[in-house]
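Here is a friendly briefing to read alongside the sequence and the model. It goes through helix packing, charge pairs and backbone angles in turn.

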Amino acid sequence: HGIRFLTQPKDNKEKLLSVAKICNSDIDTHSNMGFHPAMYGPPRNNCSYRSKWDECWKSECFVMLLKEWGCGVTKSCEINFAKNIHQVRNPM
């Protein structure tokens, strides 16, 4: 996810507000983002894969985004890939 390559805000409050906006979204909004915490590996909170989005996945979302934000910039990602492919979607 692109969050890995964004520089972290210097203000932690701004960072938490940004993460909260992503993680607290409803299922309809969240489904259109193309992001799910399961993309980063098995859930640390033992969330059920039978549920697309619930309180457990929201909690997992906070854990993953806070951990992954900016790790590509600082080369500190837990999982590093040999090559990164950046996909851009044309809104047209």
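How are α1 and α3 oriented to each other? They are oblique to each other, a label for angles that are not under 35 degrees (roughly parallel), over 145 (roughly antiparallel) or 65 to 115 (roughly perpendicular). Please keep in mind that this is a predicted model, in which local features need pLDDT of at least 70 and side-chain atom pairs count only at pLDDT 80 or more, while totals for chains, interfaces and linings use all residues. Residues are numbered from 1 along each chain as its sequence is written, and side-chain values use heavy atoms, with hydrogens and water left out.

**How α1 packs on α3**

- Helix α1 covers residues 12–23 and helix α3 covers residues 55–68, and the two pack at an angle of about 140 degrees with their axes 9 Å apart.
- Axes here are lines fitted to C-alpha atoms, for helices over the stretch in contact, and angles run from 0 to 180 degrees between N-to-C directions.
- Helices are DSSP runs of H or I with at least four residues, numbered from the N terminus.
- The crossing of α1 and α3 is right-handed, meaning that the near helix is turned clockwise from the far one by less than a right angle.
- On the α1 side, K15, L16, V19, A20, I22 and C23 meet K58, C61, F62, L65 and L66 of α3, where contact means heavy atoms within 4.5 Å.
- By class, this contact has 9 nonpolar, no polar and 2 charged residues; Ala, Val, Leu, Ile, Met, Phe, Trp, Tyr, Cys and Pro count as nonpolar, Asp, Glu, Lys and Arg as charged, and the others, Gly among them, as polar.

- V19 belongs to helix α1 and is buried, with a relative accessible area of 1%.
- Buried means under 20% relative accessible area, exposed means over 50%, and partly exposed is in between, using a 1.4 Å probe and protein chains only.
- Leaving aside residues up to four places away in sequence, V19 touches F62, L65, L66 and W69.
- V19 and F62 are 43 residues apart along the chain, and their C-alpha atoms are separated by 6.5 Å.

**Salt bridges**

- Side chains of opposite charge can pair when their charged atoms come close.
- The count comes to 2 salt bridges, each defined as a side-chain nitrogen of Lys or Arg within 4 Å of a carboxyl oxygen of Asp or Glu.
- E68 pairs with R4, and their closest N and O atoms are 2.6 Å apart.
- This pair links distant parts of the chain, with E68 in helix α3 and R4 in the segment before α1, 64 residues apart.
- E68 is buried at a relative accessible area of 3%, and R4 is buried at 7%.
- E55 pairs with K58, and here the closest N and O atoms are 3.6 Å apart.
- Both E55 and K58 lie in helix α3, 3 residues apart, or about one turn of the helix.
- E55 is exposed, with a relative accessible area of 59%, whereas K58 is buried, at 18%.

**Positive phi angles**

- N46 is a residue other than glycine with a positive phi, near 55 degrees.
- N46 sits in the loop between α2 (27–31) and α3, and counts as exposed at 70% relative accessibility.
- K75, also a residue other than glycine, has a positive phi near 60 degrees.
- K75 is found in the segment after α4 (71–74), and counts as exposed at 69% relative accessibility.
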